[in-house]
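Dear colleague,

I am handing over the structure below, and after it you will find a description of what turned up when it was examined. Please read the two side by side.

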Amino acid sequence: MARHVIAPVDELPPGTRKFLEIEGRPIAVFNIKGEYFGLMNRCPHQGAALCEGPLIGLAQSKDPGEIEYTKLGEIIRCPWHGWEFDIRTGQSYCDPRRFRVKAYAAHVEPGASVVKGPYVAETVTVKVESDYVVVEL
């Protein structure tokens, strides 16, 4: 499993996403309430750029006429046909047995572990002071 350094943590605040291509794969990394998740940016239905769709919640009902919204900001809706996927798992809510979008593990590592140091440039010590988001393929 290859590791890829994506960005400093402060470049991906909660509620945002970052689009990138890794090894020819279109991927988006999401920060959901301080947790990081990677998803293939391609809808398995017809190939749309899935991760450009809106972040929504999941409407659930235990009894008729009662609707509870859960997983707010954790469901992505395909911009073409409205198919919905869980950002954490890639699970489809339209047809969970047949469709899933590829999910990638993403986590934060201390900057010093991502960029080993200290480095010395002439007489100046260089150190990493920020944490970075890392995605694993």
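Is glutamate 74 buried or exposed? With a relative accessibility of 8%, glutamate 74 counts as buried, where buried means under 20% relative accessible area, exposed means over 50%, and partly exposed lies in between (1.4 Å probe, protein chains only).

Before going further, please note that this is a predicted model, in which local features need pLDDT of at least 70 and side-chain atom pairs count only at pLDDT 80 or more, while totals for chains, interfaces and linings use all residues. Residues are numbered from 1 along each chain as its sequence is written, and side-chain values use heavy atoms, with hydrogens and water left out.

Salt bridges

The structure holds 6 salt bridges, a salt bridge being a side-chain nitrogen of Lys or Arg within 4 Å of a carboxyl oxygen of Asp or Glu. One of them joins glutamate 74 to lysine 33, at 3.7 Å from N to O. Because glutamate 74 lies in strand 6 and lysine 33 in the loop between strand 3 and strand 4, this pair ties together parts that are 41 residues apart in sequence; helices (H or I, at least four residues) and strands (E, at least two) are DSSP runs, numbered from the N terminus. Lysine 33 is exposed, at 61% relative accessible area, and has a positive phi of about 55° although it is not a glycine. Lys33 and Glu74 also belong, with Glu35 and Arg88, to a network of salt bridges.

Another salt bridge is formed by arginine 3 and glutamate 109, whose closest N and O atoms are 2.5 Å apart. This pair links distant parts of the chain, with arginine 3 in strand 1 (residues 3–8) and glutamate 109 in strand 8, 106 residues apart. Arginine 3 is partly exposed at 44% relative accessibility, whereas glutamate 109 is buried at 13%. The side chain of glutamate 109 also makes a polar contact with the side chain of histidine 107, at 2.8 Å; a polar contact is a pair of N or O atoms within 3.5 Å, where, within protein, one must be able to donate a hydrogen and the other to accept it, and residues adjacent in sequence count only if both atoms are side-chain atoms.

The side chains of lysine 71 and aspartate 86 likewise meet in a salt bridge, at 2.6 Å from N to O. Aspartate 86 is buried, with 1% relative accessibility, and lysine 71 is partly exposed, with 31%.

Aromatic rings and cysteines

A search of the whole structure finds 1 aromatic pair, the rule being that rings of Phe, Tyr and Trp (its six-membered ring) pair if their centres lie within 6.5 Å, with planes under 30 degrees apart counted as stacked, over 60 as edge-to-face and the rest as tilted. The rings of tryptophan 83 and phenylalanine 99 have centres 4.9 Å apart and planes at 75°, so this pair is edge-to-face. Tryptophan 83 is buried at 17% relative accessible area, and phenylalanine 99 is buried at 16%.

The count of disulfides comes to 0, a disulfide being a pair of cysteine sulfur atoms within 2.5 Å. The sulfur of cysteine 78 is 3.9 Å from the closest cysteine sulfur, that of cysteine 43, which is too far for a bond. For cysteine 51, the closest cysteine sulfur is in cysteine 78, 9.7 Å away and again too far for a bond.
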